[in-house]
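I opened a new notebook page for this model. My plan is to start with the whole chain and then go through its parts.

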Amino acid sequence: MALPLIAAGLALGAAALHESTKNHYRNLELNRKNDDYSNIYHSSITKTPSDTYDNGQTVTPVFGSIVCCEVYNLVDHTGIWIDRDTIIELSENGLVKAISYERFLDDRSGNNMFVACDKNHNPIVIEGVGERAISNVYTYREYDVVNNNCHRFVHQCLTDSDKKITRFKSLNEALCLQAGKTIFWDRVKTPR
């Protein structure tokens, strides 16, 4: 008798948490263009990538945009957008390669790709990122899920320096500092 009550309680709790997250994102969108987020850009991102909330707003990345997708709702995978058919990533076998939109999402849990944007839904692009990513295609790195992963590769393209970046949050902080503005991860418009 107690087990069905516990299951019902867990289901209600999960539903409430999901609704709370959706409300959080809805409020961010309402305040996005009106509020000044400049005081927090140096320490965090405002809107993280999430399949949880869809406001219908999509963005088309441009050459050199930083893109990501969710991997089992635990981590994020990052790369550099060149065009619809070309995203440059560091794969888990250590090869830097150019892949399509579909391949970037293949074998990952998320259904959407996200692009780093400013508060007006414009992709954030740092000069030289796309060129540095292209120059690394077909190079090999000793891949390590913690010490030498996709975030470190994207950071190197972003800053042209090899710093030990191990987490998505650290990459975001570096991007905020490079761009001098707050980051909002917006859903990428599905290419046709």
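**Entry 1: one bridge to begin**

I started in the sheet. I looked up I66 and found it opposite I80 in strand β2. I kept in mind that this is a predicted model.

**Entry 2: the whole chain**

Next I stepped back. I counted five helices and six strands in the chain. I then read the elements from the N terminus and wrote down α-β-β-β-β-α-β-α-α-α-β. Of the 192 residues, 45% are buried. I also looked up the contacts between residues at least 6 apart in sequence, and 63% of these join residues at least 24 apart. For the surface, I noted that the chain exposes about 10,300 Å². Carbon and sulfur atoms supply 51% of that area.

**Entry 3: the sheet**

In what order do the six strands lie in the sheet? I traced them as β4-β3-β2-β1-β5-β6, in an open sheet with antiparallel pairing. The edge strands are β4 (96-99) and β6 (184-187), and each pairs on one side only.

**Entry 4: strand β1 and its partners**

I followed β1 (residues 65-71) next. On one side I found β2 (residues 75-83), paired with β1 in the antiparallel sense over seven bridges.

β5 and β6 pair in the antiparallel sense over four bridges. V115 has D186 in β6 as its bridge partner.

Is β1 buried or exposed? Seven of its seven residues are buried, so β1 is largely enclosed by the rest of the structure. The cut-off I used for buried is under 20% relative accessible area. I then checked which way the residues point. S65, V67, C69 and V71 point one way, while I66, C68 and E70 point the other way. In a regular strand the side chains alternate between the two faces of the sheet.

**Entry 5: helices across the sheet**

Which strands does α4 lie across? I listed β1, β2, β3 (86-90) and β4, with the helix running at about 40° to β2. Helix α5 lies across β1, β2, β5 and β6, and runs at about 45° to β2.

I checked how covered α4 is. Eight of its ten residues are buried. These are C150, H151, R152, F153, V154, H155, C157 and L158. They pack against β1, β2, β3, β4, α3 and α5.

**Entry 6: α4 against α5**

Two packed helices are described by the angle between their axes and the distance between the axes. I looked up both values for this pair. The axes of α4 (residues 150-159) and α5 (residues 168-179) come within 9 Å and cross at roughly 10°. An angle under 35 degrees counts as roughly parallel. α4 and α5 are therefore roughly parallel to each other.

Which residues meet here? From α4 I noted H151, V154, H155, L158 and T159. From α5 I noted F168, L171, A174, L175 and Q178. By class, the contact has six nonpolar, four polar and no charged residues.

**Entry 7: R132**

I found R132 in helix α3. Leaving out residues up to four places away in sequence, R132 touches E127, Q156, C157, L158 and D160. I also checked R132 against G64, which is 68 residues away along the chain. Their C-alpha atoms are separated by 9.2 Å.

Most residues other than glycine have a negative phi. I looked up two exceptions.

Y138 has a phi near 70°. Y138 is found in the loop between α3 (129-135) and α4. With a relative accessible area of 68%, Y138 is exposed.

D160 has a positive phi of about 60° and is not a glycine. D160 is in the loop between α4 and α5. D160 counts as exposed, at 56% relative accessibility. D160 is also one of the residues that R132 touches.

Key: Residues numbered from 1 in each chain as written. Predicted model: local features only at pLDDT ≥ 70, side-chain atom pairs only at ≥ 80, totals over all residues. Heavy atoms only, no water. Axes fitted to C-alpha atoms, helices over the stretch in contact; angles between N-to-C directions. Helix = DSSP H or I, 4+ residues; strand = E, 2+ residues; numbered from the N terminus. Parallel < 35°, antiparallel > 145°, perpendicular 65-115°, else oblique. Contact = heavy atoms within 4.5 Å. Nonpolar A, V, L, I, M, F, W, Y, C, P; charged D, E, K, R; others polar. Buried < 20%, exposed > 50% of the residue type's maximum accessible area, 1.4 Å probe, protein only. Pairing = 2+ DSSP bridges. Areas by Shrake-Rupley, 256 points an atom, 1.4 Å probe, with all protein chains shown as cover.
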